[in-house]
Amino acid sequence: MELSTNEKLVLKAIGDVEMTAREVSGATGLKVEAVTHAAYLLAEKGLATVRDEVKFEYVLTEEGRRYAEQGLPERVIHDALPERGESLSRLKERFPPSTISIAMGWLRQKGWARFERRDGDTVLVPLPAGRSPDEEALSIISEGRTQEGLQEKAMKDLLKRNIVVVKEEKEKVIVITPAGTELKEKGIVVEEEVGQLTPEMLASGSWQGKPFRRYDVSAPVIMEYGGKKHILRMAMDKVKRTLIEMGFKEMEGPMVDAEFYVNDLLFMPQDHPARTQWDQFNLKRPQYIRQLPRELVSRVKEVHEHGGDTGSLGWNYRWDEKIAKRLVLRGHTTSLTARYLAIFKKPPQKFFSVAPVFRNDTIDMTHLLEFYQIEGWVMDDRLSMRDLMGTFKEFYSRFGISELRFKPTYNPYTEPSLEIYGKHPRSGRMIEVGNSGMFRKEMLAPYGIECDVIAWGLALERLLMILYGYEDIRDLHGPLCDINFLRSVPVIWQQ
């Protein structure tokens, strides 16, 4: 049986008892990774076994290391108390507020001090205070001694106080088999092998007579993961190409914008629930945009207050420009549409964007604080809801999605309005993928637009949920996303 040099070194090093890869590394001088690789090769040949073992140990935090050197706050205060006691006001002059606040509760809990009222002040009188279990545990951990037998309550207290944390460490445990022992007893000769033939060796002829390491194409190797686009980035690129192929041009604009563009131009009243801090993110600094287009502001004010010349009654309230100037993280990319309508007023026009938006939602299977929205709008004469639904059917058909449903809904800035639903391949239920409609006259009037405009906002992540069968939006991105999914996700559309 042929063995490489590393395999021979590892086989010679492992004794009759279990050894970790780290211990074998120390005995052989090989790196832990090299030991692990050789151990798995020995396991394939029946000369050793390898198993994973998870070890847990307590590790001091930065605060814990400070306490290990200086003592716990309650110990510091207790040892500083004179026999007759010390007033709390005096202690606050001698020690930092953090030390005092932490020590008070633990002095009471451990029974290390008696609290008395004297002359309108609290006086701490020291009581006998032997070395406590948590102090002993702190000493053991800081000195690197074995952690077996640590008192459970003491460790719970140290964990609760963030003095220690639990560290999980995975180890490879290597055990020799009877076949490995038999081969080892016959004697193992370790010869230095050449791993790579170099141009210098060929030129000098020094390669002659040297043993070369055999190249085993079936040997296990460490998996390497090259860089690749995130699945959301790939989806964004596909969506952009699709809409460009359908004749749309891309919009761009700020993620931080004035409420004027995010809400007011969309004929959303300033007392609408979605415009509170419970649904949107307001900026603390800077709080307001410097200026807004005066003529457009005047027309928006008229439409909001009494409908302007649209025939509408408006919202019948006093519109406040200061509210419109507040800066927020955009809750939808319709703010881009609001900006572009001020420039592109003459039909025909077709624009889109694929960009992040931010909402103060409750995180669940279908909602995140940040997600990507596919915004789009078409301006032309004599548009109808049939044009809107036909656009969706054409768009989603290019992703292989043919089963769509539409449901009437209400939006402040579109009438009529539709919610779009697509069928989830795993659960079979219809999930909402977007909202749409025809812009109201009250929204278009400030721009002087007299033709029809159909518009929509679609969720990029929910499109992917239908394509890949995932039921939780957090499977696609965020801290709960599986890294192996990102490494191996197949692309099911042509790039």
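In the predicted model, Pro133, Asp134, Ala137, Leu138 and Ile141 of helix 8 meet Ala154, Met155 and Leu158 of helix 9, where contact means heavy atoms within 4.5 Å. The residues of this contact comprise seven nonpolar, no polar and one charged; Ala, Val, Leu, Ile, Met, Phe, Trp, Tyr, Cys and Pro count as nonpolar, Asp, Glu, Lys and Arg as charged, and the others, Gly among them, as polar. Axes are lines fitted to C-alpha atoms, for helices over the stretch in contact, and angles run from 0 to 180 degrees between N-to-C directions.

Residues are numbered from 1 along each chain as its sequence is written. Because the model is predicted, local features need pLDDT of at least 70 and side-chain atom pairs count only at pLDDT 80 or more, whereas totals for chains, interfaces and linings use all residues; side-chain values use heavy atoms, with hydrogens and water left out. Helices (H or I, at least four residues) and strands (E, at least two) are DSSP runs, numbered from the N terminus.

An open sheet is formed by three strands in the order 3-5-4, with antiparallel pairing; two strands pair if DSSP finds at least two bridges between them. Strand 3 (86-87) and strand 4 (113-118) are the edge strands, each pairing on one side only. Strand 3 pairs with strand 5 (residues 121-126) over two bridges, and Val123 in strand 5 is the bridge partner of Ser87. Helix 7 (residues 97-110) packs on the sheet and touches strand 4 and strand 5, its direction making about 115° with that of strand 4. In the loop between strand 4 and strand 5, Asp119 has a positive phi of about 50° although it is not a glycine. Asp119 counts as exposed at 85% relative accessibility (exposed, over 50%; buried, under 20%; partly exposed in between; 1.4 Å probe, protein chains only).

Ser335, in helix 16 (residues 334-341), counts as buried at 0% relative accessibility. Not counting residues up to four places away in sequence, Ser335 touches Asp257, Tyr261, Val262 and Arg330.

Two cis peptide bonds may also be noted. The bond from Pro347 to Pro348 is cis, with omega near 0°, and Pro348 lies in the loop between helix 16 and strand 10 (349-358). The bond from Glu415 to Pro416 is likewise cis, with Pro416 placed in strand 13 (residues 414-423).
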